[in-house]
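Subject: the model you asked about

Hi,

Here is the structure, as promised.

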Protein chains: 2
Amino acid sequence: MNDAGQTTATSGPRNVLELVRTARVDLRKSDRKVADVLLSDPHRILNATVAETAEIAEVSQPTVIRFCTAIGCDGFQDFKIRLAQSLALGTPATQSAISDEDAPDQVAAKIFDYTMTSLDWARHKLDIGQMNAAVELILNARSLEIFGFGASAIVAQDFQQKFPLLGIPAHATLDSHQQVMAASMMKPGDVAVTISNTGATMSIVELARLAREQGAKVISITGASQTALANYSDILINVETLDNTDLFTPTTSRIAALVAVDILSTLVARRLGSDHNLQLVRMKRYLAQMRKNEVF
Amino acid sequence: MNDAGQTTATSGPRNVLELVRTARVDLRKSDRKVADVLLSDPHRILNATVAETAEIAEVSQPTVIRFCTAIGCDGFQDFKIRLAQSLALGTPATQSAISDEDAPDQVAAKIFDYTMTSLDWARHKLDIGQMNAAVELILNARSLEIFGFGASAIVAQDFQQKFPLLGIPAHATLDSHQQVMAASMMKPGDVAVTISNTGATMSIVELARLAREQGAKVISITGASQTALANYSDILINVETLDNTDLFTPTTSRIAALVAVDILSTLVARRLGSDHNLQLVRMKRYLAQMRKNEVF
DNA sequence: CCCTATTTGGTAGTAAAACTACGAAATAGG
DNA sequence: CCTATTTCGTAGTTTTACTACCAAATAGGG
């Protein structure tokens, strides 16, 4: 029973540290020593040789090599490269919960790490098929009506700022009464974009239902796949993040959603061809001018 | 004239690929061959030995080693680890300019890559000292008035959503006339937060000047250090990103700024102690309840 | 409980990798 | 055109990762 429970030996999971953490219990006694040393101070191993690692873990050199193969790596060299990549994204989120003892610079580092890891997660969860379908809908839409509350309202406004630049009328209604009015007045050919991280916010679900009743298509941007909102959506863009419920944890969901908007708008822009782009260039130049001249 | 213009040999800049790109012109002719091979297919080098790299680049093995030291690495091994970390963040933005031929999933991947690389960049440019100073100002502030246009308006609203939760009154004025009014009515003890990626937006600079004239302190969040806005700011939080002026490039500045707001609010929250946190927990619970019950 | 079978982990050796010293060619300066 | 300096490859050295082998430890069966 060698090679404790790894996945495909070659590609393997993305994060070696996470892998070692989970596989730890299944490891040989000596291998576990190596694992513990690695988990306690990964950066130390990153700059160490086999001999040094063996000494730190108080095992022999071949044991270190065996450890590498046991977790699915192709030797020590390969292991180090994988480790380097894992560490580049920052220490995994599970480890980097912000504690009261952390100095401000550590807090900053952890939040950056966390955000980046979370984006990496969202990247691999994103369904590009739904994204493409959304592009088609938007290209054929007469106008976009965007709905979101709280943090999602910010995403909605970002939406509103981007799509008019592409010649696609987009409006984000924020007032809840006006939202109901806007949704009720939608027509076939219109597209509603409902944004909710939980996908459970009742008023948003209600707006999706209303819009659909009027014959409008509904694109939903959520952070989970099985939601109430999904029932009333034609297209579901799932931007899954690592947001946990900890008090101090930042809300990466809004950031991932913004990236999704970036992708969506870029894809739409590409489909519009170069005529529109020329217009865009002119607009950007004009804005740059404004920066220098505008006086109140 | 060995060791072409690198920084501190040991730590060095974060992204090796970015570094090589910029240092390319200053390199020796043979080193440049290595650089070109590296830039054209970094992943290939990642899994190659010195001998293999030498063969691909059609140079001798010592040249490869010399190349590594020339760009500030401590030998080939160190270089490979740095490269691995750079590649973990995705291929650098300059390389991953989105082309018309890219398939949608490639576009998505590139935008994610670009955003993450950009955040990594911002992380290392962030001055935690200014951040700490901002925390002190905010803790002693009677109220916060936040100003931003365009993409920065979104950041301003995020600010507005976060700080009242900490018991700190914060208001983001969006209408430009009301902005002037709000800035003119500020008093000593108030804090103005001005957000502008360029730091050159005239109306924002003007608002900072106005607020300061009234005795208020000014915290500026910008994307560059030497700006007009800096002249009227007490604290300058520089959230530098890689935003280039390409047409399709997403604006990562707003995302980096949002992360900065996350950090700022987290730091402030920590300073407020556990009493406030209890209140926060109650608030979050209430919001969760709302999600399930609210009906319009 | 003992003896056998299997796993585990260390010692010693090997192959190959990275790195260094030196010298020849190429380039730049006077 | 000759000298000085830089550039870059050849050949050798040292270090490093990896392998083969064997001993200790553990587990299983009678």
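To get you started: which strands of chain B does helix 10 (residues 176-184) lie across? Helix 10 of chain B lies across strand 1, strand 2 and strand 3 of chain B, and runs at about 140° to strand 2 of chain B.

Before the rest, a word on ground rules. This is a predicted model, where local features need pLDDT of at least 70 and side-chain atom pairs count only at pLDDT 80 or more, while totals for chains, interfaces and linings use all residues. Residues are numbered from 1 along each chain as its sequence is written, and chains are lettered from A and ligands numbered from 1 in the order in which they are written.

Helices (H or I, at least four residues) and strands (E, at least two) are DSSP runs, numbered from the N terminus. Two strands pair if DSSP finds at least two bridges between them. Contact means C-beta atoms, placed from the backbone, within 7 Å. Angles run from 0 to 180 degrees between N-to-C directions, with axes as lines fitted to C-alpha atoms, for helices over the stretch in contact.

The sheet in chain B

Chain B has an open sheet of five strands, paired in parallel, in the order 2-1-3-4-5. Strand 2 (170-173) and strand 5 (235-238) of chain B are at the edges with a single partner strand each, so one side of each has no neighbour in the sheet. Neighbouring strands are turned by 20° against each other on average, ignoring direction. Strand 1 (residues 144-148) and strand 3 (residues 191-196) of chain B run parallel and are joined by five bridges; B:Ile146 stands opposite B:Val193 in strand 3. Helix 11 (residues 202-213) of chain B also packs on this sheet, touching strand 1, strand 3 and strand 4 (217-222), and its direction makes about 170° with that of strand 3 of chain B.

The sheet in chain A

Chain A has an open sheet of five strands with parallel pairing and the order 2-1-3-4-5. Its edge strands, strand 2 (170-173) and strand 5 (235-238) of chain A, each pair on one side only. Strand 4 (residues 217-222) of chain A runs parallel to strand 5 of chain A, with four bridges between them, and A:Thr222 has A:Asn238 as its bridge partner. Helix 9 (residues 151-162) of chain A lies across strand 1 (144-148), strand 2 and strand 3 (191-196), at about 160° to strand 1 of chain A.

The DNA

"Near" here means a C-beta atom, placed from the backbone, within 6 Å of the strand. DNA strand D has 19 residues around it, the closest being A:Val50, A:Gly75, A:Phe76, B:Arg28 and B:Lys29. Around DNA strand C there are 19 residues, of which A:Arg28, A:Ser30, B:Val50, B:Gly75 and B:Phe76 come nearest.

A:Leu87 sits in helix 6 of chain A. Why does A:Leu87 count as buried? Because 22 other C-beta atoms lie within 10 Å of A:Leu87, and the cut-off for buried is 20 or more (12 or fewer is exposed, in between is partly exposed; C-beta atoms are placed from the backbone). Leaving aside neighbours within four places in sequence, A:Leu87 is in contact with A:Pro42, A:His43, A:Leu46 and B:Gln85. A:Pro42 is 45 residues away in sequence, but 7.9 Å away in space, C-alpha to C-alpha.

Cheers

Definitions and conventions:
Contact = placed C-beta atoms within 7 Å.
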